[in-house]
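Reader: I'm new to reading structures. Could you walk me through this one?

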There are 2 protein chains.
Amino acid sequence: MEASTTKLAIEQIAERITDAVMEHRLPPGIKLVEEKLAGAFGVSRTKIRQALTLLAKEGLVTLHPNRGAFVKRPSAEEARDLFATRRLVEPEIVRNVIARACEQDIARLHQHLEEEAQARATGDRRRIIRLSGQFHMLLAALAGNAFIEKLMAELCPLTCLIIALYDAPQTPACPEDEHSQIVEAIENHDEAAAIRLMLHHLEHIESELMLDAAPKLDIHWETLYG
Amino acid sequence: MEASTTKLAIEQIAERITDAVMEHRLPPGIKLVEEKLAGAFGVSRTKIRQALTLLAKEGLVTLHPNRGAFVKRPSAEEARDLFATRRLVEPEIVRNVIARACEQDIARLHQHLEEEAQARATGDRRRIIRLSGQFHMLLAALAGNAFIEKLMAELCPLTCLIIALYDAPQTPACPEDEHSQIVEAIENHDEAAAIRLMLHHLEHIESELMLDAAPKLDIHWETLYG
DNA sequence: GTTTAATAGATTGCGTACAATTTTTTAAGA
DNA sequence: TCTTAAAAAATTGTACGCAATCTATTAAAC
């Protein structure tokens, strides 16, 4: 979130904030002060304001009138709704990717798996979380339906947020090879297997959450800039 | 779109513009000049600008850098993607509504059907189109999943836009009783029938579009304020 | 008459300033 | 010491103004 030399468009600002949320650098509930962001990005508040309305529409940020913008703290019910939506949509994504992915698309998937492996190897936990989300965004992009792609581009960052709030602290970042298995099934055009693996993967993530317990209350200031 | 006395929030401005699009008062491709809108709504351009970025994120408006905002002209491919998405999502909506709708919810549905009938009786074509879209938004709201509700709140106005672009001119507004039949099946907790009727309804709408022909090119200035 | 260039006009992009509101700090009272 | 009240500081909401850009008009050249 450092100041940059080139002028940033509001979408880019929103994207940078989204990345920070996905990497758990901006924890749920934290206040996003406009002036601070303006300073950090080297633009005026006007642009920050537009980026924040964008993120609010996206659902990643909550706007309290006269009180400011806060990174969303999804409720347990929202978390359940989110996974229900993903269970509905992602099998369709898998179907479409199998039906229309070309070699280049498959190559991109492999390249992404490589990045994930690398992040795991170097123990870069933040990057692992973000890349795990972005794997599903990439799949959605390859499915060739702009509406579903856009939906997943909203649901994945929110999923990262939910993990930040409800994940058991000792849980390992993400199952090592579930993404690879899905890609493998896609390559083999094994629709049934790919869907089964996808649903298993989603249920796996959701099951490790503690949605019945109270969400983590306060912000971990110590590790915020760790 | 007349000037109002109370101060409008940007969401309200966006909603008013959305309604105008749904009623085909703002046709696809028309330019939305910031100053004009600011005058019409009695606010400064700053707020209009935020409303437009919101609508652009929603997909109802296209933003051309330095050239302004235009009501979107969805391509045939986007139209097909939209209906594919609706065919995926709306059966799930029907399932959820059947599972969890209370009497009050059913009453709201009947109330809406009444409004539609009234609009049909008075021949208010604009209102019919908007209400037809809003029926699906209401169903989505009753399904109890915030993400699906939000998705449908974007897809329905876009559907109106697609109808404006690709509908055969002589087509009657909307099949008279398909909405009522869906509500009836929901009331009877007949999931299979409700889903079948919903899919039939969607296919009916899509089939009446001329997605293979070139979209209507220019704006009907004569009927714009009719 | 058509094309090209130059000018004038309109519109968008964005920073800034100020009012309205909230939050924090300080002080007084119980 | 804990409440409550008042003042100060910080932050948001919004309009305004100017620079940058695009569009339309006019004039010139061919």
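Here are some questions and answers about the chains, the DNA and the helices.

Author: First, this is a predicted model, where local features need pLDDT of at least 70, side-chain atom pairs count only at pLDDT 80 or more, and totals for chains, interfaces and linings use all residues. Residues are numbered from 1 along each chain as its sequence is written, while chains are lettered from A and ligands numbered from 1 in the order in which they are written.

Reader: Which helix gives the most to the side of chain B that touches chain A?

Author: Let's count contacts, meaning residue pairs whose C-beta atoms, placed from the backbone, lie within 7 Å. That puts 18 residues of chain B against 18 residues of chain A. Helices here are DSSP runs (H or I, at least four residues), numbered from the N terminus. In chain B, H3 (45–58), H4 (76–100) and H7 (146–166) each supply at least two residues of this side, and the top giver, with 7 residues, is H4(B).

Reader: How many charged residues does the surface near DNA strand D have?

Author: For classes, Ala, Val, Leu, Ile, Met, Phe, Trp, Tyr, Cys and Pro are nonpolar, Asp, Glu, Lys and Arg are charged, and the others, Gly among them, are polar. This surface has 3 nonpolar and 6 polar residues, and its charged count is 6.

Reader: Is H6(B) roughly parallel or antiparallel to H7(B)?

Author: Axes are lines fitted to C-alpha atoms over the stretch in contact, with angles from 0 to 180 degrees between N-to-C directions. H6(B) (125–142) and H7(B) pack at about 165°, with axes 9 Å apart. Angles under 35 degrees count as roughly parallel and those over 145 as roughly antiparallel, so this pair is roughly antiparallel.

Reader: What about H2(B) and H3(B), at what angle do they cross?

Author: In H2(B), Glu34(B), Glu35(B), Leu37(B) and Ala38(B) meet Arg45(B), Ile48(B) and Arg49(B) of H3(B). The helices are roughly perpendicular (65 to 115 degrees). Their axes come within 9 Å and cross at roughly 110°.

Definitions and conventions
Two residues are in contact if their C-beta atoms, placed from the backbone, lie within 7 Å.
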